[in-house]
Amino acid sequence: MSVEARLLTTVEEFAAAVRLQQQIWGFSDVELLPVRLFVVASKIGGQSFGAYDQGRMVAFTIAIPGLKKTPCGPKPYLHSHMLGVCPEYRDRGVGRLLKYAQRERAIADGFDLMEWTFDPLELKNAYFNLERLGAVVRRYVLNQYGTTTSPLHGGMPTDRCVAEWYLLRDCRVQAPVEDRIDVPADIEEIRRRDVPRARAIQKGVSDRFVECFGRGLTVIGFEGPGTYLLGRPADDV
């Protein structure tokens with residue numbers, strides 16, 4: 001693959017990421033992350049990367065530092081807020097390229113944890129996050145971003161899983177599966193053709209996540225085509 005990841009540092013590069021953001025999601029102007037947010041992120045310990053193919057930006061990501069409450073006090077971590085890939089470059093390893101560029105930079109900057117949110121109905125993303133990267137999920141947020149103008153969200157609530165990616169260890173090791181949450185394999189087609197049915201499925205999936213997390217379970221894996229595996233990791237994360 002000829003695509004390479006580069007750290008974004010200039011206003012011109014940030015502006016290119018904003019344009020790409022609009023192309024991928026189709027947000028209205030008011031919902032776009034502006035250039036100034038990319039600038040601020042670069043100044044306060046965050047990071048932005050672009051993926052380039054022969055000089056053309058085909059994907060980008062932006063992350064900002066945060067503080068996570070733990071029993072031992074606040075813990076610094078990196079919140080990866082957005083990652084977008086041009087449609088023609090999807091399923092070609094570009095997202096993974098950017099995630100590992102983020103990971104390398106995050107470790108160099110002293111972080112050992114990265115978090116982000118993802119739509120549990122996006123099954124390819126779920127597989128990538130849980131199986132390819134080794135993230136776990138212990139939190140679920142209902143309608144995280146409100147209803148957006150993006151056609152990709154289809155006017156549905158933005159319910160989200162919170163992925164936790166421990167950069168220096170795998171906290172899923174030897175955790176037996178205690179429960180499962182199933183999503184129909186054809187959920188993308190259902191979202192396009194029957195939004196009320198898709199919303200009903202989303203509600204059922206959300207209820208299951210909330211119930212399982214209320215019992216102290218953690219998403220520790222993903223089994224195709226659409227099954228989340230839950231257990232109790234041996235490593236106390």
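Mentor: What follows is a short tour of a few strands, the core, some loops and some salt bridges.

Mentor: Keep in mind that this is a predicted model.

Trainee: Okay. Is strand β5 buried or exposed?

Mentor: Six of the six residues of β5, residues 113–118, are buried, so the strand is largely enclosed by the rest of the structure.

Trainee: Which residues of β5 sit on each side?

Mentor: Leu113, Glu115 and Thr117 are on one side, and Met114, Trp116 and Phe118 are on the other. In a regular strand the side chains alternate between the two faces of the sheet. Both faces of β5 are covered.

Trainee: Which strands are joined to β5, and do they run parallel or antiparallel?

Mentor: Strand β4, residues 75–85, runs parallel to β5, with two bridges joining them. Leu78 has Met114 as its bridge partner in β5. The chain gets from β4 to β5 through helix α3, residues 94–108, and this β-α-β crossover is right-handed. Strand β7, residues 160–166, is antiparallel to β5 and is joined to it by six bridges. There, Leu113 has Tyr166 as its bridge partner.

Trainee: Now the core. How many residues are in the largest nonpolar one?

Mentor: It has 36 residues, and those with the most contacts inside it are Phe118, Phe209, Val219 and Tyr228. Elements giving two or more residues to this core include β5, β7, β9 (218–223) and β10 (227–231). Helix α6 gives the most, with six residues.

Trainee: Different topic. Which peptide bond is cis?

Mentor: The one from Gly224 to Pro225, with omega near 5°. Pro225 is in the loop between β9 and β10. Most residues other than glycine have a negative phi, and most peptide bonds are trans.

Trainee: Which residues other than glycine have a positive phi, then?

Mentor: Gln54 is one of them, with phi near 55°. Gln54 lies in the loop between β2 and β3, and counts as exposed at 79% relative accessibility. Asn143 also has a positive phi, near 50°. Asn143 is in the loop between β6 and β7, and counts as partly exposed at 33% relative accessibility.

Trainee: How many salt bridges does the structure hold?

Mentor: It holds 22. One of them joins the side chains of Asp119 and Arg160, at 3.8 Å from N to O. That pair links distant parts of the chain, 41 residues apart: Asp119 is in the loop between β5 and α4, and Arg160 is in β7.

Trainee: Are those two buried or exposed?

Mentor: Asp119 is buried, with a relative accessible area of 8%, and Arg160 is buried too, at 7%.

Trainee: And what does the Arg180 and Glu223 pair tie together?

Mentor: Arg180 is in strand β8 and Glu223 in strand β9, so the pair ties together parts that are 43 residues apart in sequence. The side chains meet at 2.9 Å, N to O. Arg180 is partly exposed at 39% relative accessibility, and Glu223 is partly exposed at 37%.

Trainee: How far apart in helix α6 are Asp207 and Lys203?

Mentor: They are four residues apart, so about one helical turn separates them. They form a salt bridge, with the closest N and O atoms 2.9 Å apart.

Trainee: Last one. Which residues are linked in a network of salt bridges?

Mentor: Lys68, Glu115, Arg138, Arg139 and Glu164. Glu115 is also among the buried residues of β5.

Key: Residues numbered from 1 in each chain as written. Predicted model: local features only at pLDDT ≥ 70, side-chain atom pairs only at ≥ 80, totals over all residues. Heavy atoms only, no water. Buried < 20%, exposed > 50% of the residue type's maximum accessible area, 1.4 Å probe, protein only. Pairing = 2+ DSSP bridges. Right-handed = clockwise from strand over helix to strand, strands pointing away. Core = buried A, V, L, I, M, F, W, Y, C linked by side-chain atoms within 4.5 Å. Salt bridge = Lys/Arg side-chain N within 4 Å of Asp/Glu carboxyl O.
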